[in-house]
Amino acid sequence: MSIVLSCDKLNKKYGPTYALRDLDMQLEENVIYGLLGRNGAGKTTLLNIIAGGILANDGSIEIRGNKLEKGELPEDFCFVRENNKHFGGARVIEALQLAANFHPHWDWTFAHKLLQTFGLDPNQKIKQLSRGTESLVGITIGLASRAALTLFDEPVHGLDVLMREKFYKELLEDYANYPRTILLSTHLIDEIAPVAERVYIMDQGSLLLHDEINRIRMAAYLIRGNSDAVASFTEGKRVLHTESYGHGKLAAIFEMLNEGDRQQARQLDITIEHLTLQKFFSYLIEGGH
Ligand SMILES: Nc1ncnc2c1ncn2[C@@H]1O[C@H](COP(=O)(O)OP(=O)(O)OP(=O)(O)O)[C@@H](O)[C@H]1O
């Protein structure tokens, strides 16, 4: 697998606050990634730095092994921002025409199909659109560009459930026919799970975890039992969270369990349940760095 984008030790400070701290990220060719983090985690800052909108204080970015110089934009790249204010007074169709000029793999047939699917009026002015409908313009551009590297910043922000589902469906169908590298930033891990293959989870500007969604599902557990038994079972394992109740204790762990572990759990009268991704995400972030 070849690496499309590589960020090495990116730092960005606003006054004394680090928006990004020694952040490393590598995106492989033809993979859909989720970039997860709470509000203020640094997701937009990271995407803006990759897109050349702001400069990092330190660190470097490589596109297919070539260092991205200051002010240089990655080739065959599309960045869908959180809002489309930069389109000023343009109509939907004008924004699409502008985008089509920049993207060598732009597909007008697909773009028109998306306008229909999302119920967008091509002649409407973008600044007159509701928050959600405005997001759909960005989504249409991001999908129809078919760029080799596409970054979506909070694409479903402001969208109702129906439109979110339509977006994910269009994305997956098109990706199946035209594989490319796509990164979606969000704080909704459960929602991104059916779409993304891998996730980067960040908090306070730093990376907490990078893993495959399926591996997280397989390794995120809630352990329940007698306090001593839970303490003995979790020894040497990655514990994200613990809670006591009466004589009992529960622990959220992130660990692949083997048959030996399950046998030990039976002997200690411990129950093991899978943790939801949202709970895993919360415990991981609460547990901090
Ligand atoms: N222009 C700026 N000036 C000062 N501080 C900023 C600026 N932009 C971002 N920050 C700070 O940097 C940190 C990261 O912000 P960023 O917008 O990148 O987070 P985010 O993960 O995208 O959040 P959200 O999910 O709320 O959009 C925050 O603490 C934010 O207050």
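On helix α2, Leu98 and Asn101 are exposed. They sit on the other side of α2 from its buried residues, which are Val92, Ala95, Leu96 and Ala99. Seen down the axis of α2, these buried residues fall within an arc of 100°, so they line one face of the helix. An α-helix has 3.6 residues a turn, so residues three or four places apart point the same way. The helix itself covers residues 92-102, and the elements that cover its buried residues include α3 (108-117) and α4 (131-144).

The structure described here is a predicted model. It holds ten helices and 14 strands, and its C-alpha atoms fill a box of roughly 65 × 40 × 35 Å along the principal axes. Of the 289 residues of the protein, 37% count as buried. Among the contacts with a separation of 6 or more, 71% are made by residues 24 or more positions apart.

The protein is divided into two domains, domain 1 spanning 3-204 and domain 2 spanning 220-287. Their centres, taken over C-alpha atoms, are separated by 36 Å. Seven residues from domain 1 and six residues from domain 2 take part in the contact between them. On the side of domain 1 that touches domain 2, the elements giving two or more residues are α6 (189-192) and β9 (198-203). The residues on that side of domain 1 comprise four nonpolar, no polar and three charged.

Strand β8 runs over residues 181-186, and six of its six residues are buried. Both of its faces are covered: Thr181, Leu183 and Ser185 are buried on one side, and Ile182, Leu184 and Thr186 are buried on the other. In a regular strand the side chains alternate between the two faces of the sheet.

Strand β8 has pairing partners in β3 and β7. Strand β3 (residues 32-36) pairs with β8 in the parallel sense over five bridges, and Tyr33 stands opposite Leu183 in β8. Strand β7 (residues 149-153) is likewise joined to β8 by five bridges, and these two strands run parallel. Here Leu151 has Leu183 of β8 as its bridge partner. The chain passes from β7 through helix α5 (residues 161-177) to β8, making a right-handed β-α-β crossover.

In the loop between β7 and α5 lies Glu154. Although Glu154 is a residue other than glycine, its phi is positive, near 45°. With 22 other C-beta atoms within 10 Å, Glu154 is buried. Another positive phi, of about 55°, belongs to Asn30, which is not a glycine either. Asn30 lies in the loop between β2 and β3, and it counts as partly exposed, with 15 C-beta neighbours inside 10 Å.

Strand β9 is mostly covered, with five of its six residues buried. It is joined to strand β10 (residues 206-212) by six bridges, and these strands run antiparallel. Tyr200 has His210 in β10 as its bridge partner. Two residues lie between the strands in the hairpin of β9 and β10, where Gln204 takes a positive phi near 45°.

Four strands form an open sheet in the order β2-β1-β4-β5, with antiparallel pairing. At its edges stand β2 (17-28) and β5 (66-67), each with a single partner strand, so one side of each is left without a neighbour in the sheet. Within this sheet, strand β1 (residues 3-14) and strand β4 (residues 58-63) pair in the antiparallel sense over five bridges, and Leu5 stands opposite Ile63 in β4.

Technical notes. Residues numbered from 1 in each chain as written. Predicted model: local features only at pLDDT ≥ 70, side-chain atom pairs only at ≥ 80, totals over all residues. Domains from an automatic or database assignment. Contact = placed C-beta atoms within 7 Å. Nonpolar A, V, L, I, M, F, W, Y, C, P; charged D, E, K, R; others polar. Buried ≥ 20, exposed ≤ 12 C-beta atoms within 10 Å, placed from the backbone. Pairing = 2+ DSSP bridges. Right-handed = clockwise from strand over helix to strand, strands pointing away. Arc of directions from axis to C-beta.
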